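Student: I would like to learn how to read a protein structure feature by feature. Could we go through one together, slowly?

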Amino acid sequence: MTGAGGMVGREVVEVLQPHEVIALDHAALDVGDRDAVLGAIGVAHPDAIVHCAAMTAVDACESEPDKAFLVNALGVRFVMEAARRTGAYMVTLSTDYVFDGSQSEPYHEWDTPNPASVYGQSKLAGEFEIDLECAVVRTSWVIGRYGANMAKTVLRLAAGDSPMRFVDDQRGCPTVAADLATVLRTFVVERLPGTWHVTNQGAVSWFEFAGEVLRAAGHDPARVEPISTADLDPPRPAPRPANSVLDNRALRLAGRPLLPDFRESLPALVRAVR
Ligand SMILES: NC(=O)c1ccc[n+]([C@@H]2O[C@H](COP(=O)([O-])OP(=O)(O)OC[C@H]3O[C@@H](n4cnc5c(N)ncnc54)[C@H](OP(=O)(O)O)[C@@H]3O)[C@@H](O)[C@H]2O)c1
């Protein structure tokens with residue numbers, strides 16, 4: 001797998017045990033280097049590849065679009081090419097940012113993407129590189145034990161006495177990396193093809209999310225104040241979708257289990273990171 005040192009990648013490495021896992025982090029494999037990708041995957045000769053490597057710094061993508069497209073679009077092309085050569089199945093991760101967020105209903109897999117940010121554009125370009133027998137899993141608002149994420153930010157702020165203000169006009173489904181990893185394992189085992197939305201259930205604003213994290217940690221949820229995106233000072237370089245809610249329609253219609261409400265997974269996550 002690629003991106004094995006990231007928030008999702010580290011969980012995937014753990015959940016794929018006891019399978020033999022060749023975990024390539026950024027230092028071991030730069031997915032923007034075609035020769036390196038073909039070499040490493042050619043040697044590893046895996047049955048399946050979980051492609052977690054990506055340039056995920058959304059605002060940095062705005063100022064470094066070439067790097068974003070190299071990693072998030074060409075990187076997928078190179079890994080797909082290596083997978084094709086070795087006969088490996090591949091699942092790649094994508095994002096709610098492929099949608100502009102202007103629709104009032106949750107986005108399903110057959111809605112038309114229209115990314116508003118360089119990050120979203122580069123991730124959508126990566127989706128186009130995936131062969132029909134392989135899979136794209138779009139997820140959203142990932143939180144987890146490893147790396148920086150909003151759950152950890154809320155807990156850090158809660159430990160101090162600085163004001164806690166979160167936007168109330170962006171909605172999405174927080175997704176616990178460990179929960180997502182269990183579904184990625186199913187994709188690998190069953191070699192599921194196609195595009196799928198995989199998130200925890202439970203749509204909230206960031207303001208409501210912060211309140212849920214505080215509640216799960218035994219703090220007073222009233223400590224958090226709602227603000228609007230327009231109040232952010234300084235404004236963020238990359239536009240965020242106002243509606244990031246992904247309807248997991250393909251899973252639902254296929255009769256597959258959906259991930260639980262994120263609130264069910266939050267207490268264990270809070271215990272793990274405190
Ligand atoms: N986090 C979210 O809220 C979210 C939401 C929707 C979709 N996703 C998608 O989920 C996937 C996993 O993201 P994540 O949340 O686990 O983010 P992450 O923690 O930033 O993990 C991404 C990993 O990719 C590595 N990487 C960056 N450039 C690379 C390159 N050129 N070659 C090889 N590795 C490289 C990073 O290493 P360095 O840190 O050393 O650069 C990092 O370890 C990504 O495809 C992301 O787009 C994430």
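Student: Leaving aside its neighbours within four places in sequence, which residues is Tyr 89 in contact with?

Tutor: Before answering, keep in mind that this is a predicted model. A contact here means that heavy atoms lie within 4.5 Å. With the neighbours within four places in sequence set aside, Tyr 89 is in contact with Asp 47, Ala 48, Ile 49, Glu 133, Cys 134, Ala 135, Phe 187, Val 188, Arg 191 and Leu 192. Tyr 89 itself belongs to strand S2, and its relative accessible area is 2%. Because a residue counts as buried under 20%, Tyr 89 is buried.

Student: How far is Tyr 89 from Gly 126, in sequence and in space?

Tutor: The two are 37 residues apart in sequence, and their C-alpha atoms are 16 Å apart in space.

Student: How many residues surround the ligand, and which are the closest?

Tutor: The ligand is surrounded by 21 residues, and the closest are Val 8, Asp 30, Thr 56, Tyr 119 and Lys 123. Sorted by class, this shell holds twelve nonpolar, seven polar and two charged residues.

Student: Is helix H5 mostly enclosed or mostly open to the outside?

Tutor: Nine of the ten residues of H5 are buried, so this helix is largely enclosed by the rest of the structure. Tyr 119 and Lys 123 are among those buried residues. The buried residues of H5 pack against helix H3 (58-63), helix H4 (65-86), S2 and S3.

Student: How should I read the backbone, and where does this chain have cis peptide bonds or a positive phi?

Tutor: The general idea is that most residues other than glycine have a negative phi, and that most peptide bonds are trans. In this chain, a cis peptide bond joins Gln 17 and Pro 18, with omega about 10°, and Pro 18 is found in the loop between H1 and helix H2 (34-44). The peptide bond from Asp 233 to Pro 234 is also cis, with omega near 0°, and Pro 234 lies in the loop between strand S10 (224-227) and helix H9 (249-253). As for phi, Trp 141 has a positive value near 45° and sits in the loop between strand S3 (135-139) and strand S4 (142-143). Arg 191 has a positive phi of about 50°, and its place is in the loop between helix H7 (177-190) and strand S8 (194-197).

Student: What does the side chain of Ser 244 make a polar contact with?

Tutor: The partner is the side chain of Asp 96, at 2.6 Å. Ser 244 lies in the loop between S10 and H9, and it counts as buried at 2% relative accessibility. Beyond its neighbours within four places in sequence, Ser 244 is in contact with Asp 96, Ser 140, Trp 141, Arg 171 and Gly 172.

Student: What is the secondary structure of the protein chain, and how compact is the chain?

Tutor: The chain comes to ten helices and ten strands. Its radius of gyration is 18 Å, close to the 19 Å that the globule rule gives for 274 residues, so the chain is as compact as a globular protein of that length. Of these 274 residues, 51% count as buried. Among contacts with a separation of 6 or more, 80% are between residues 24 or more positions apart.

Note on methods
Residues numbered from 1 in each chain as written. Predicted model: local features only at pLDDT ≥ 70, side-chain atom pairs only at ≥ 80, totals over all residues. Heavy atoms only, no water. Near = heavy atom within 4 Å. Nonpolar A, V, L, I, M, F, W, Y, C, P; charged D, E, K, R; others polar. Helix = DSSP H or I, 4+ residues; strand = E, 2+ residues; numbered from the N terminus. Rg over C-alpha atoms; globule rule 2.2 N^0.38 Å. Buried < 20%, exposed > 50% of the residue type's maximum accessible area, 1.4 Å probe, protein only. Polar contact = N/O pair within 3.5 Å; in protein donor to acceptor, adjacent residues only side chain to side chain.
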